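Here is a short briefing on ring contacts and sheet packing. Look at the structure first, then read the points by topic.

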Amino acid sequence: MAACILRAMSAPEKSISPLASPVATVWGVGEERAKLLTRLEIFTVEDLLLHPPRRYEDRRKFLSIRDLKVAEPATVRGKIIAAGIKRFKKGTRTMFECVFDDGTARLHCRWWQAQPWMPDWYAVGREFLIYGKLDDEKKPRTFTHPETELVEPGEDEFIHVNRIVPVHPLTEGLTARVMRSLVWRALEKFENEIAEPDIKLDLKIFPARANAVRMIHFPEELSDVEIARQRLALDEFVALQFQIQSRRKKFEALSKALPCSGDNRLMKPFLAQLDFKLTAAQANVLKEIRADMGGKHPMRRLLQGDVGSGKTAVAACSALMALESGFNVALMAPTEILAEQHFRNFQKWFEPIGISVQLQTGSRKTFEQSQITNRKSQIFIGTHALLTGGFDLPKLGLVIVDEQHKFGVAQRETLVRKGNYPHLLVMTATPIPRTLGLTLYGDLDVSVIDEMPGGRGAIKTFVRTTVKLLKVFDFIREKISSGRQAYIVYPRVEVADTDKDIKAVTKEFENVQRALNGFKVGLLHGRIKPAEKEKTMAEFRANKIQTLVATSLIEVGVDVPNATVMLIENAEHFGLAQLHQLRGRIGRGAHESFCILISDAQHPEAQARLKILEETNDGFKIAEADLKLRGPGELLGQQQSGAMRLRFGNLAKDLNLIRQARELVKK
Ligand code: ADP
Ligand code: MG
């Protein structure tokens, strides 16, 4: 994908680059190999040249087998002096083993489950390069499942030895050696065609692109690899920024802003009836929004604010500006529960000041086209059904998208195109690390609510193992006895045969009822009918239900200030950002809140992740940590991260490069 953006960047009058020719133009790629290469998404010469190695081997000097050290991966070179298949009496397990000799010592290599081709390939007398590591000090020295490469003396030999060589990601039927030769030949033939992109980099700081491509495959020193990677990553980020910024430019040229800055006629009575005062952070953000909505181009603003920071009130005030100016407003939420919650809030807030509030979700059609066109100023609230409902929202002045990360970029665009370029406000509670913000939302301006409303109790977080569950339930009982409420979250709806250790709501619901008998327990998950869901939520809000057993469905937006306990089992099955979101359901009232994460995960990394939540409540810190630990997929959802696949760029650590790219493109 990076490659195709780069291609798209070159001016149209230029003839198509030879790099775009099919990979079969590289000597050694016939029909069959071309087919294998497509499995690696290599279609053109350029794809091949930009196929990043997965690791490197320093073959300038081989280690002697005698000098191999335990647990230190190394490459040795040896001839096979014996080979054969071992069969084990019980069962069908087989093992292929061969013995290499390099004149200093012998090395046994073994592969479990011998493959039919092995005896021919690993024939006595053949010479191989072997990459692996000793598991222990025991003799004979043994590698298990090493990577090997047949030494075939010939004209190509210099590509594979006496240098640092790349080992590329492979597919069955394609060896590391073949891949390396293909890349080498492609470089020989096409290196001169690798041009600098239209946006020029300072070549005193970065190697030329052509050099970087050679260096990433055949570095002189291992330290060259990172230099080359940075250059190629920068090209990717430049291409991405170029795309983002030209999309924005095009949009601005096309669109004229609707005048929506309002006159405070509704805002004043609204703020007067509100049972709190806006925080300074909320007021600041509103100033930015008002400036946008009265500006030349339609607003395109991302509002970031940690869970509970009060984004809904900001959305309401923004809506009022558009309504005061005589336009309608659409507010889109990712789930029905959330849409309904917004609906209730806005009804409470807006109907007293004469604004009609309409709800449209997938399951319930509550308004008809005729109704829409008849009424005066109104706000439409719904799920993605607002997009697919098949009706026009007339006089649309402002579109608000809540919890943005659950929507794809494409969906956002569709909604905006519904009207005559309305203003757009997207709100997200997932604090997006700046690297992602600049790439994914580079076409949006960003506002941040960086202050929590006062008068909230603190949230304390604890990580515990299942051994402590009984005590935890005693604790929950104590809290709900004193009038508070609790959430209990499990990763699954139903127990899966494949992994019985992962708890599921449908099964645990009964256990929880037993453990908390005398109190009412509700159940909430994706397969429950909407009407029932709504009823359960209403009862929970009214404290008729004291404990809600749920899946991560309740992750976004749900607002019940009296709930102060959150128990999450199998916590290691959730992403950090997601756990933080879940935790945001508590700590909304004046009482102190408690989040208990249950996990028996042994893996030190899993434990370290959960520990971060114990240590901080800062959503940005947590998001950065999550990005480093799990990559962008977790934060963005599959759809969006798919569109972001970078070959060389790394969103977790390339903030600097992304900034540079942004500046370069702006210039
Ligand atoms: P989020 O940013 O997670 O969407 P909400 O908008 O749901 O947060 O707000 C969380 C809670 O804080 C709500 O109960 C809301 O009424 C309350 N709230 C919002 N702004 C303020 C404020 N300035 N002072 C006090 N409470 C506020
Ligand atoms: Mg919200």
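Phe96 is buried in this predicted model. Its relative accessibility is 1%, and the cut-off for buried is under 20%. Trp111 is buried too, because its relative accessible area of 7% is also under 20%.

**Aromatic pairs**
- The model holds 16 aromatic pairs.
- Phe96 and Trp111 form a tilted pair, because their planes meet at 40°, between the limits of 30 and 60 degrees. Their ring centres are 6.3 Å apart.
- Phe96 belongs to strand S3 (residues 94-101) and Trp111 to strand S4 (residues 106-112), so this pair ties together parts 15 residues apart in sequence.
- Phe346 and Trp349 make an edge-to-face pair, with 5.7 Å centre to centre and 70° between the planes.
- Both Phe346 and Trp349 lie in helix H12 (residues 336-350). They are 3 residues apart, about one turn of the helix.
- Phe346 is buried at 0% relative accessible area. Trp349 is buried at 9%.
- One aromatic cluster is formed by Phe96, Phe100, Trp111, Trp117, Trp121, Tyr122 and Phe128.

**Charges over rings**
- Arg93 lies over the face of Trp112, 4.2 Å from the ring centre.
- Lys395 places its charged end over the ring of Phe327, 5.3 Å from the centre of that ring.

- Thr428 is part of strand S14 (residues 423-428). Thr428 is buried, with 0% relative accessible area.
- Gln304 is 124 residues from Thr428 along the chain, yet their C-alpha atoms are separated by 5.2 Å.

**The parallel sheet**
- An open sheet is built from 6 strands, in the order S16-S21-S20-S17-S19-S18, with parallel pairing.
- Which strands stand at the edges? Strand S16 (459-464) and strand S18 (521-524) do. Each has a single partner strand, so one side of each is left without a neighbour in the sheet.
- From one strand to the next, the twist averages 15°.
- Strand S17 (residues 485-489) pairs with strand S19 (residues 547-550) in the parallel sense, over 4 bridges. Val489 stands opposite Ala550 in S19.

**Helices on the sheet**
- Helix H18 (residues 505-515) packs on the sheet and touches S17, S18 and S19. The direction of H18 makes about 175° with that of S18.
- Helix H19 (residues 530-541) also packs on the sheet. H19 touches S17, S18, S19 and strand S20 (563-568). The direction of H19 makes about 140° with that of S18.

Note on methods
Residues are numbered from 1 along each chain as its sequence is written. Chains are lettered from A and ligands numbered from 1 in the order in which they are written. This is a predicted model: local features need pLDDT of at least 70, side-chain atom pairs count only at pLDDT 80 or more; totals for chains, interfaces and linings use all residues. Side-chain values use heavy atoms; hydrogens and water are left out. Rings of Phe, Tyr and Trp (its six-membered ring) pair if their centres lie within 6.5 Å; planes under 30 degrees apart count as stacked, over 60 as edge-to-face and the rest as tilted. Helices (H or I, at least four residues) and strands (E, at least two) are DSSP runs, numbered from the N terminus. Buried means under 20% relative accessible area, exposed over 50%, partly exposed in between (1.4 Å probe, protein chains only). A charge sits over a ring if NZ of Lys or CZ of Arg is within 6 Å of the ring centre and within 35 degrees of the ring normal. Two strands pair if DSSP finds at least two bridges between them. Axes are lines fitted to C-alpha atoms, for helices over the stretch in contact, and angles run from 0 to 180 degrees between N-to-C directions. Contact means heavy atoms within 4.5 Å.
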